[in-house]
Amino acid sequence: MALAFFDIDGTLTSAHVWGGLMAYFKVHRRKQPTHWAYLATHYPLYFLRKAGLLGEYPFRYRWSADLGWYLRGESEASAAAIGDWVAAHYLEGTWRAVVRARLEAHLRGGDTVVFVSAAPLPLVAAIARRLGVAHAVGTQFEIAGGRYTGRVIPPPVLDEEKLRQAGTYLRSRGFSADLSDSWAYADSITDLALLEAVAHPVAVFPDGALRAIAARRGWEVLEG
């Protein structure tokens, strides 16, 4: 039985989970002040990154950590329901067929499949449920009195944290973290640590930097 790690944004789906979180509140006409505050705070960071004045990690850290603003005041049950809506409605039609086929092959083979994403854990877990995957690792947010406070439990599941937190998750549930027979599917250079750690790295619709590394190292590239 092998391990198979799957990123979500840009890998399993051409859309972004954070976009689905925003879309939920737009469709349901809730938390519009939160939405505008988030955009006003974070889009300047996007342009700083484009101009080379802000690194990829600090940009992605703030973008991921502050998604907790949208969950502020939500119960665990309501956050799960939001995730279910994103998986069933927003992401429908955006799944990458070639990657879904590989996912389903791993599941049929009895492999341990783990979704690993910087997206909020309630959404990652909902997407996993939707696709029949038992294991989900995502960015966690503080809960107090049964409600999300909006504060991240650092660090977000980014870069090297994907590998570290996936290993912690597996060990905490009694699974071996032996990667000698393991696969990872991801699209971005920021997933490099996870891809380098496994026996079978697969660059999925890779960005330019990851494509170049995959070509030099002879990694499989999956797209189409």
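The legends below describe close-up views of a predicted model.

**View 1. Strand β1 and its two partners.**
Strand β1 covers residues 3–6, and each of its side chains is buried: L3 and F5 point one way, A4 and F6 the other way. In a regular strand the side chains alternate between the two faces of the sheet. β1 pairs with β2 in the parallel sense over four bridges, and L3 stands opposite T112 of β2. Strand β6, residues 182–186, also pairs with β1 in the parallel sense, over four bridges. On that side, F5 stands opposite A184.

**View 2. The largest nonpolar core.**
The largest nonpolar core holds 47 residues. Those with the most contacts inside this core are F6, L21, Y38, L103, F115 and I127. Helix α1 (residues 17–27) provides the largest share, six residues. In soluble globular proteins, nonpolar side chains tend to be buried together. L103 can be followed through its contacts: leaving aside neighbours within four places in sequence, L103 is in contact with F6, L12, V113, F115, L131 and V133. A second, separate core has 21 residues, among them L170, L192, L194 and I213.

**View 3. Helix α1 and its surroundings.**
Helix α1 is mostly covered, with eight of its 11 residues buried. The buried residues are V17, G19, G20, L21, M22, A23, Y24 and F25. They pack against α2, α4, α5 (76–90), β2 and α7. Just after the helix, R29 has a positive phi of about 55 degrees.

**View 4. A87 in helix α5.**
A87 is a residue of helix α5. A87 counts as buried because its relative accessibility is 1%, below the 20% limit. Which residues does A87 touch, not counting those up to four places away in sequence? They are E92, W95, A126, I127 and R130. The C-alpha atoms of A87 and V17 are 8.6 Å apart in space, although these residues are 70 apart in sequence. V17 is one of the buried residues of α1.

**View 5. H106 in helix α6.**
H106 belongs to helix α6, residues 97–108. Is H106 buried or exposed? With a relative accessibility of 6%, H106 counts as buried. Not counting residues up to four places away in sequence, H106 touches A4, F6, D111, V113, W183 and Y185.

**View 6. D66 between α3 and α4.**
D66 is found in the loop that runs between α3 (56–65) and α4 (68–71). Why does D66 count as buried? Its relative accessible area is 9%, and buried means under 20%, so D66 falls in that class. D66 touches Y38 and H42, not counting residues up to four places away in sequence. Y38 is also among the residues with the most contacts inside the largest nonpolar core.

**View 7. The largest pocket.**
The largest pocket has a volume of about 500 Å³. It is lined by 23 residues, and D9, H16, W18, R60 and W63 are the closest to its centre. Two or more lining residues come from each of α1, α2 (32–50), α3 and β2 (112–120). Helix α3 gives the most, with five residues. By class, the lining has 10 nonpolar, five polar and eight charged residues. Rolling a probe the size of a water molecule over the atoms shows where empty space is left.

**View 8. The second largest pocket.**
The volume of the second largest pocket is about 270 Å³. Among its 17 lining residues, L121, A136, V137, Y169 and R173 lie nearest the centre. At least two lining residues come from each of α7 (121–130), β3 (135–139) and α8 (160–172). Which element supplies the largest share of this lining? Helix α8 does, with five residues. The lining of the second largest pocket comprises eight nonpolar, six polar and three charged residues.

Conventions. Residues are numbered from 1 along each chain as its sequence is written. This is a predicted model: local features need pLDDT of at least 70, side-chain atom pairs count only at pLDDT 80 or more; totals for chains, interfaces and linings use all residues. Side-chain values use heavy atoms; hydrogens and water are left out. Buried means under 20% relative accessible area, exposed over 50%, partly exposed in between (1.4 Å probe, protein chains only). Contact means heavy atoms within 4.5 Å. A nonpolar core is a set of buried Ala, Val, Leu, Ile, Met, Phe, Trp, Tyr and Cys residues joined through side-chain atoms within 4.5 Å. On a 1 Å grid over the protein atoms alone, a cavity is a set of points where a 1.4 Å probe fits but cannot get out, and a pocket is an open set with protein on both sides within 12 Å along at least five of seven lines; lining residues have an atom within 4 Å of a point. Grid points are joined across faces, edges and corners, and a volume is the space filled by probe spheres set on the points. Ala, Val, Leu, Ile, Met, Phe, Trp, Tyr, Cys and Pro count as nonpolar, Asp, Glu, Lys and Arg as charged, and the others, Gly among them, as polar. Two strands pair if DSSP finds at least two bridges between them.
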